[in-house]
Amino acid sequence: MNNQTDELLRETEAKTIRIVEALQGLQNTKEWRTLKEEIFDGFVSSLEREIKSEARSENPNPQKLNRLSGKLEWAERFS
């Protein structure tokens, strides 16, 4: 690798570490628990219902199911 690529990788790594540390700090706060309960927990249930509804429809849209599945995966990480 060249120096420019090495520098870019170091910057990306440093940024990723800062983000992970910030998220770890937020995880234990009252504010995060409030967001989790009020937004993310309900979002998971809503997405699950929407996926089931689409899957049961006469002509399920695979693209919509994939999009909803991706959103569900994201929501489950934060709930």
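Student: What should I know about the model before reading it?

Tutor: This is a predicted model, in which local features need pLDDT of at least 70 and side-chain atom pairs count only at pLDDT 80 or more, while totals for chains, interfaces and linings use all residues. Residues are numbered from 1 along each chain as its sequence is written, and side-chain values use heavy atoms, with hydrogens and water left out.

Student: How many salt bridges are there by the rule used here?

Tutor: Side chains of opposite charge can pair when their charged atoms come close. The rule asks for a side-chain nitrogen of Lys or Arg within 4 Å of a carboxyl oxygen of Asp or Glu, and by this rule the count comes to four. One of them joins Lys 36 to Asp 41, with the closest N and O atoms 3.3 Å apart.

Student: Which helices hold Lys 64 and Glu 54?

Tutor: Helices are DSSP runs (H or I, at least four residues), numbered from the N terminus. The side chains of Lys 64 and Glu 54 meet in a salt bridge of 3.6 Å, N to O. Lys 64 lies in helix H3 (residues 62-78) and Glu 54 in helix H2 (residues 30-56), so the pair ties together parts that are ten residues apart in sequence. Lys 64 is partly exposed at 27%, whereas Glu 54 is buried at 12%.

Student: What does Glu 54 touch, not counting residues up to four places away in sequence?

Tutor: With contact taken as heavy atoms within 4.5 Å, Glu 54 touches Asn 59, Pro 60, Asn 61, Lys 64 and Leu 65.

Student: Where do Glu 73 and Arg 77 lie?

Tutor: Both lie in helix H3, four residues apart, about one turn of the helix, and the closest N and O atoms of their salt bridge are 2.9 Å apart. Glu 73 is partly exposed at 45% relative accessibility, while Arg 77 is exposed at 61%.

Student: Which residues make the nonpolar surface patch?

Tutor: Patches are made of residues with over 30% relative accessible area and no salt bridge, where like charges are joined within 9 Å and nonpolar side chains (Val, Leu, Ile, Met, Phe, Trp, Tyr) within 5 Å. Ile 19, Leu 23 and Leu 26 make a nonpolar patch of about 260 Å², with areas from the Shrake-Rupley method and a 1.4 Å probe. Leu 26 lies in helix H1 (residues 3-27) and is partly exposed at 42%.

Conventions: Helix = DSSP H or I, 4+ residues; strand = E, 2+ residues; numbered from the N terminus. Buried < 20%, exposed > 50% of the residue type's maximum accessible area, 1.4 Å probe, protein only.
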